[in-house]
Amino acid sequence: MLTLKNVRKSYREPDGNRLPILDLEKLDIAAGEQVVLVGESGGGKTTLLHLIAGILLPDEGQIEIGGTDITRLSEAARDRFRAAYIGYVFQTFNLLAGFSALENVLLGMAFTKRGADISRAKDLLDRVGLSHRATHRPGMLSVGEQQRVAVARALASHPKIVLADEPTANVDRGHQQQIVELMVSACRQDETALLLVTHTPEVAEQFSRVEPLDQINRVAAGAA
């Protein structure tokens with residue numbers, strides 16, 4: 001379902017030199033598979049998710065999702081593809097402050113061919129335990145509740161894959177397991193693949209497939 005081949009990404013430094021960040025020979029995730037990618041902060045985890053989501057383009061390599069190589073799409077086409085097939089749970093939630101929980105979830109469907117489906121949005125909020133908070137804006141919700149809204153929004157468009165960037169970083173330890181269990185359960189119910197990145201061992205322990213980024217990223221291997 002997701003295949004990365006010979007993906008390389010670097011950034012230009014102020015002195016003009018290139019700073020290599022990622023060099024992945026291959027990474028495969030099957031349809032419906034749930035994978036956690038572990039690595040320290042600054043190791044390229046967020047860059048990798050941005051490449052898979054089409055927010056960034058690699059210097060070279062292929063990134064195929066459901067048979068489509070997104071590196072060959074225009075920026076506008078990547079935006080449409082992301083809206084239709086990729087759910088993204090941001091570390092900082094990225095909820096719109098002026099919109100209710102329900103409206104934030106509906107926005108996750110706004111740019112898809114299916115359009116907004118209020119019954120699905122309500123069902124997703126119910127599944128994450130927030131049906132009673134549907135009309136509340138983010139400022140009226142706890143940090144954990146905001147993250148649950150973000151999970152519901154990521155699932156709104158029936159994505160092929162959900163990308164989760166340190167989704168437990170802003171919740172206390174007592175809620176970390178709850179957030180992860182919620183995402184795992186919701187993705188399994190929708191038969192959606194999940195790629196979660198984290199530096200927290202307690203989070204990684206909840207997955208059967210764990211990929212240490214420093215073992216698959218040849219930039220890190222070369223620096224060791």
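Phe93 sits in the loop between β6 (86-89) and α3 (101-107). Helices (H or I, at least four residues) and strands (E, at least two) are DSSP runs, numbered from the N terminus. The model is predicted: local features need pLDDT of at least 70, side-chain atom pairs count only at pLDDT 80 or more, and totals for chains, interfaces and linings use all residues. Residues are numbered from 1 along each chain as its sequence is written, and side-chain values use heavy atoms, with hydrogens and water left out.

Phe93 has a phi near 70°, a positive value in a residue other than glycine. Its relative accessible area is 8%, so Phe93 is buried (under 20% relative accessible area; exposed is over 50%, partly exposed in between; 1.4 Å probe, protein chains only). Asn94 lies in the loop between β6 and α3. The phi of Asn94 is near 60°, also a positive value in a residue other than glycine. At 40% relative accessibility, Asn94 is partly exposed.

Phe93 is one of the residues touched by Gln146; Leu95, Pro138 and Leu141 are touched too, not counting residues up to four places away in sequence. Contact here means heavy atoms within 4.5 Å. Gln146 lies in helix α5. Gln146 is buried, at 16% relative accessibility. A polar atom of the Gln146 side chain lies 3.3 Å from the backbone oxygen of Leu141.

Helix α5 (residues 143-155) also meets helix α6 (residues 173-190). Their axes come within 11 Å and cross at roughly 15°. Axes are lines fitted to C-alpha atoms, for helices over the stretch in contact, and angles run from 0 to 180 degrees between N-to-C directions. The two helices, α5 and α6, are therefore roughly parallel (angles under 35 degrees). From α5, Gly144, Gln147, Arg148, Val151 and Leu155 take part in the contact; from α6, Ile179, Leu182, Met183, Ala186, Cys187 and Asp190 do. By class, the contact of α5 with α6 has seven nonpolar, two polar and two charged residues.

Helix α1 (residues 45-53) is largely enclosed by the rest of the structure, because seven of its nine residues are buried. These are Lys45, Thr47, Leu48, Leu49, Leu51, Ile52 and Ala53. Just after α1, Gly54 takes a positive phi of about 80°.

Arg209 is placed in strand β9 (residues 209-212). The side chains of Arg209 and Glu33 make a polar contact at 3.1 Å. Such a contact is a pair of N or O atoms within 3.5 Å; within protein, one must be able to donate a hydrogen and the other to accept it, and residues adjacent in sequence count only if both atoms are side-chain atoms.

Methods:
Parallel < 35°, antiparallel > 145°, perpendicular 65-115°, else oblique. Nonpolar A, V, L, I, M, F, W, Y, C, P; charged D, E, K, R; others polar.
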